[in-house]
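Good morning, and thank you for making time for this presentation.

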Amino acid sequence: MKFSLKLFSAIAVCLASVPAFAGEQGSESAAALFEIPLWEGFSLPITNSIVTAWIVAIVLILLIRAACGRPKLVPSKGQYAIETVLGMFSEILEPILGKRAFKATFPLLICLFFFILAQNWAGLIPGVGTVGWHEFAADGTESFRALFRPLGADMNGTLGLALVSFGAWIIMILRFAGPRAVIYEWFGNKADKRDVPLAVYYFLSLIFLGTGLIEIISILFRPVSLSFRLFGNVYGGETLLHSTGYFTAFYFLELLVGIVQALVFTLLSAVYIGLITNHDDEHEHAEVPAK
């Protein structure tokens, strides 16, 4: 199934990005991670959150393959359920992305949604974040190291996902809009010389230049906002559940939060791309108004 292959490839990209940002001693939480160096001489630790991410991703892929099987003209119940979900998301994302960018971007976005959703819900499994061992330092202080931990509760994991989204944004806007249209979108004077005096037109050019610089700054902060939003919600939910002993009301609340955060991450990624790629079909980006 072509979509399943694309889904597998997109998930692999997400997973490959996570270990690259797993710092060995970046924060207090990183010091409590279960790290295993891959080889001597180069520190690239495999943390408990990465192990959880790999396990959840493999289970997710196997479930999708088992549900779809070999695609048939008359779909099975599993294939019909997946096609229904994909159809629902396509109706939501196509108006945001635009027809031109939709086909190329949809596989990654739907992958991000299900991947993040599965990782968020994995943190609700009893034992994730609570099963592990205690270690005692030389000064007598005690620390707990969990064997498994949700990916969203590790800042390295959410940052990796945010950078995947940011990289996809760069590729898609350059592919479906082009550098010239992107520069015009950020810095170009949107006024018409025929409608305003020449002096006002050039003054507006300075205004658009300034707003373009502000836009660049906000764009650079997008990975930060995406990663912190997901991390804060998942980490806060993990702490809440552990401190309340998986209280039933909070447990079902976190199920809802997991869906909402996966949807927010996916929709924001789509909106960022669609802001530049989604224009009327009769107004191609290549046709930038002459000044």
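Predicted model: local features only at pLDDT ≥ 70, side-chain atom pairs only at ≥ 80, totals over all residues.

**Aromatic contacts, charges and surface**

Phe166, Trp169, Trp186 and Phe187 form a single aromatic cluster. Rings of Phe, Tyr and Trp (for Trp, its six-membered ring) are taken to pair if their centres lie within 6.5 Å; planes under 30 degrees apart count as stacked, over 60 as edge-to-face, and the rest as tilted.

Residues are numbered from 1 along each chain as its sequence is written, and side-chain values use heavy atoms, with hydrogens and water left out.

Let me turn to the overall layout. The protein chain has 10 helices and 2 strands; these are DSSP runs, with helices being H or I of at least four residues and strands E of at least two, numbered from the N terminus. Along the sequence, the pattern reads α-α-α-α-α-β-β-α-α-α-α-α. Of the 291 residues in the protein chain, 40% count as buried. Buried here means under 20% relative accessible area, exposed means over 50%, and partly exposed lies in between, with a 1.4 Å probe and protein chains only.

Helix α6 deserves a word. It has 22 residues and reaches 31 Å from its first C-alpha to its last, close to the 32 Å expected at 1.5 Å a residue; the expected span is 1.5 Å times one less than the number of residues. Just after α6, Gly178 takes a positive phi of about 95 degrees.

I return now to the aromatic rings. By the pairing rule, the count comes to 11 aromatic pairs. In one of them, the ring centres of Phe102 and Phe106 are 5.1 Å apart and the planes are at 40 degrees, so this pair is tilted. Both residues belong to helix α5 (residues 99-122), where a spacing of 4 residues separates Phe102 from Phe106 by about one helical turn. In general, an α-helix has 3.6 residues a turn, so residues three or four places apart point the same way. Phe102 is buried at 12% relative accessible area, and Phe106 is buried as well, at 9%.

A further pair joins Tyr251 and Phe252: the ring centres are 6.2 Å apart and the planes are at 85 degrees, so the geometry is edge-to-face. Tyr251 is partly exposed, at 25% relative accessible area, whereas Phe252 is exposed, at 54%.

What of the charged side chains? Those of opposite charge can pair when their charged atoms come close. With a salt bridge defined as a side-chain nitrogen of Lys or Arg within 4 Å of a carboxyl oxygen of Asp or Glu, the count comes to 2. One is between Glu238 and Arg149, with the closest N and O atoms 3.8 Å apart. Glu238 lies in helix α9 (residues 222-244) and Arg149 in the loop between β2 (142-146) and α6 (155-176), so this pair ties together parts that are 89 residues apart in sequence. Glu238 is buried at 9% relative accessible area, and Arg149 is buried at 11%.

Glu215 also forms a salt bridge, with Arg222, where the closest N and O atoms are 3.5 Å apart. Glu215 is partly exposed at 28% relative accessibility, while Arg222 is buried at 8%. The charged end of Arg222 also sits over the ring of Tyr272, 4.1 Å from its centre; the criterion is NZ of Lys or CZ of Arg within 6 Å of the ring centre and within 35 degrees of the ring normal.

Two loop residues follow. Asp154, in the loop between β2 and α6, is buried with a relative accessible area of 5%. The C-alpha atoms of Gly245 and Pro126, 119 residues apart along the chain, are separated by 9.8 Å.

Finally, which residues form a nonpolar patch on the surface? They are Phe203, Leu206, Ile207, Leu209 and Leu213, with about 500 Å² of accessible area together. Areas come from the Shrake-Rupley method with a 1.4 Å probe, and for residues only the protein chains shown count as cover. Patches are made of residues with over 30% relative accessible area and no salt bridge, joining like charges within 9 Å and nonpolar side chains (Val, Leu, Ile, Met, Phe, Trp, Tyr) within 5 Å. Phe203 is located in helix α8 (residues 198-220) and is exposed, with a relative accessible area of 52%.
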